[in-house]
Amino acid sequence: MNLTQKLISAHLVSGEMRPGEEIGLRVDQALIQDATGTMVMLELEALGLDRVRTEVAAQYVDHNLLQSDERNMADHLFLRSACRRFGIWYSPPGNGVSHPTHMQHFGVPGKTLAGADSHTCAAGSLGMLAIGVGGLEVAMAMAGQPLFVTMPRVWGIRLTGALPDWVSAKDVILELLRRHGVAGGVNKIIEYHGPALRTLSAMDRHVIANMGAELGATTSVFPSDERVLEFLDAQDRAADHVELAADPDAGYDLHDEIDLSRLEPLIARPGSPGDVIPVRQAAGEPVHQVVVGSSANPGLRDFAVVAEALRGRQVHPQLSLEINPTSRQILADLTKSGAITALVEAGARIHQTGCLGCIGMGQAPAIGRNSLRTFPRNFPGRSGTRDDLVWLCSPETAAAAALTGVITDPRDLGRDHPQVRPPRPVSATTALLQRPLPIEQAREVALVKAPSIGALPELDPLPDSLTLPVLLKVGDDVSTDEIMPAGARALPYRSNIAALADFAFGQIDDTYPERARAAGPHAIVGGRNYGQGSSREHAAIVPRHLGLRVVIAKSFARIHWQNLANFGVLALEFTDEAGYDRLNQGDEVRLDGLREAVENGSEISCGGVLLRHRLSARQRAMVLAGGWIPQVRIEADISG
C-alpha cells in the first residue's frame, strides 16, 4: 500500500477504500481556530456534549486578534470558558498560528487530525492524515463521531534533485499550482515520495502540504522519516516519532514528478493562487508592501532568510516591510539569534504572532499598489482592500522586492544565498498552553457569553416544493472569501450570525443581504469549483440564515459542498453544463418533488434544465431534516 492507504485503513470505521465512496474515519486529534471556534463551541453546547472524545483537541486564538472593540475579547473569553468546560487545550492570543503551533506541540506521525480550518492539511508534513473540514464536522468528531469524506484518488508526486540557491519550498507548491490550477487536486490526496525528500526539512514540507488546500486537495501526505524525527527531537518530543512510509512497490492512481533542481523562483499574480508565472516575467513591477508570515511560510528559516538577506542594508524607501511571526516559539528564537534586530535595523515593522494580514486583519494594501506576500491565498479582497493587488511568493522573492522596490528575481541580487541553521533545542513555550481541566472541575464551569455572542440559527426541513428567485449568478472559482468575507470589519461578528449577515457576498454584490431578507427563500447559481478556499462554515450558515435553500452550480469545492449539506442547503449540479447559460439572475425556478428526488438520487427538472446531486445517504438525511443538528435531534427523539 501507499502511505495514504495505510493511514486510512488504520482509521477506517465505515465504507471501503474505493475512490468516490463515502468513508468514515476515526479521529485522533481536533484543531479549532477562533474564527471558526465560536460556532464549534455553540455546536458542542447544542449537542449537549459533556467532554470531548478525541485524544487531543486544541483551540487556537490566532485569527481574530485586533481588539478594536469589545467583541474580540468577548469571543476569547467565551472560547476559554468552553475549553475549560469541554476538556480542550486553549492556546491564547500571541501563542501563534494554529498549524505550526499544533505541529510543534501536538503533531504525531500516523495520527488523524480534523481541523476547522482548510490549512489543517499542513500537518501532513509529519506523516499525519490531516483534513480541513467545516466546524460542525469537527464538533461531531470531538463528540466521538467519525469524520466522513469521499474516498479520494491518491496522487503520487515523486520529488528528485535538490533546490537551487534562492529557490525554496514555496516554489515547489507554486510549481504544482502553475501546472494544475486551483481545482487540480479536487477529490485527490497528494502523497509525496522520492529521493529529494531527504533534502526537505519538516517545515519545508509544511509549506508544501499547507498549500495543497489551494489545489483543492483533500489533504497532502509526507512520510515520517529522519527529517521528521529531527523536528520532533528539537521540540524535545523524539519519543512521539514513528517511522512511516509507502511500501517499496506501492502504486498510485495518478502520477507527477518534479525535479527540484530545475525549479526557478515563481510568483502567483493577483486574484488567484493558481495564476503562477516565473518571477522574471514580472520583474520590474513596482512594489509598495511586502508581508512575510502566515501558515504558508511559518518556519524560522522563512523569517531568518529575509533577515539575513537584509542584514546591514535598508528596505527600499517606497515600501513597507511587515514581519508577522507565526508562533511565540519562532519569535523567541528569531530574537535570540539576532534576526529580529537585523530586521528592525533594516526598516521592517514587527507585528504580533498570528494570522493577521493573511485573513485581512490589518496591513490592508493601498488600492492599485502591489503587495507581495508569503501567504497561501490572494483571492480578490481577502486582504481587506476591495481592489487589491496581492502577489504570492517565497521569502526569498519577498526579500528581493523589499530591497529593490520592484519585483525582482532573488538570483539577480548578486549575493550568496543566506545560510540559516535552526536552534537546537528550540525555545520552550509549552507552559503557555492551558491544559484541559479534570472532568470533575470542568463540569462546574459556566460558559462566558457576552451579549455579542449569538446563537445557532433555527433550521427547518427541506420542503417538497420550492419556488425560488435566483438572487445571484456567479462565475467559476468563487471563493468562501467572496461568499462570506473575513477581515477586520467582519471577523468581530463571527459569533453572531444575524449581524454577520450584512457582509455576505459583499465582494461580489453588496446588495445581496438586503435583497435576500426581502426575498426570503431563494437560490444561487454558480460556475465550476463553487466555494473554493477556506473551510469557514459561515459561508453556508449566513446565506442559509438569509433564506438560501438551493445552490445550483457546475461543480463544488469539497469543504463548502459538505458545509452546505451540514446546514440543510441543497447543492445541485447541472447534468449538462450548458444549463448554466439558461439560468440567470432574476429568474424564478420551481422545484417539485424535492424530497423524493433527494432520497432516491433522481434527477430534478428545473424549467427544462436537468439537475442532480451527489449526496450520500447520510448527507441526504441531514438535508431533508434541514441540517445535521436538526437531524441529530430527530434521531434522538425517535430513539428516546
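Okay, so helix α5, residues 135-142: this one is mostly covered, with eight of its eight residues buried. Keep in mind that we're looking at a predicted model. The buried residues, if you want to click through them, are G135, L136, E137, V138, A139, M140, A141 and M142. Notice that E137 is in that buried set. After α5 comes G144, and its phi is positive, near 100°.

So what does α5 cross? Have a look at helix α2, residues 34-47: the axes of α2 and α5 come within 9 Å and cross at roughly 50°. An angle under 35 degrees would count as roughly parallel, and 65 to 115 as roughly perpendicular, so α2 and α5 are oblique to each other. As for the handedness, α2 passes α5 in a right-handed crossing.

The α6 and α7 crossing is right-handed, and so, going back a step, is the one where α2 passes α5.

Last stop, the surface. Which residues make the nonpolar patch of about 260 Å²? That's M73, L77 and V448. V448 sits in the loop between α14, residues 439-442, and β20, residues 466-473. Its relative accessible area is 41%, so V448 counts as partly exposed. Compare that with α5, where eight of eight residues are buried.

How values were computed. Residues numbered from 1 in each chain as written. Predicted model: local features only at pLDDT ≥ 70, side-chain atom pairs only at ≥ 80, totals over all residues. Heavy atoms only, no water. Patch = residues over 30% accessible without salt bridge, like charges linked within 9 Å, V, L, I, M, F, W, Y side chains within 5 Å. Areas by Shrake-Rupley, 256 points an atom, 1.4 Å probe, with all protein chains shown as cover. Salt bridge = Lys/Arg side-chain N within 4 Å of Asp/Glu carboxyl O. Helix = DSSP H or I, 4+ residues; strand = E, 2+ residues; numbered from the N terminus. Buried < 20%, exposed > 50% of the residue type's maximum accessible area, 1.4 Å probe, protein only. Axes fitted to C-alpha atoms, helices over the stretch in contact; angles between N-to-C directions. Parallel < 35°, antiparallel > 145°, perpendicular 65-115°, else oblique. Left-handed = near helix turned anticlockwise from the far one by under 90°.
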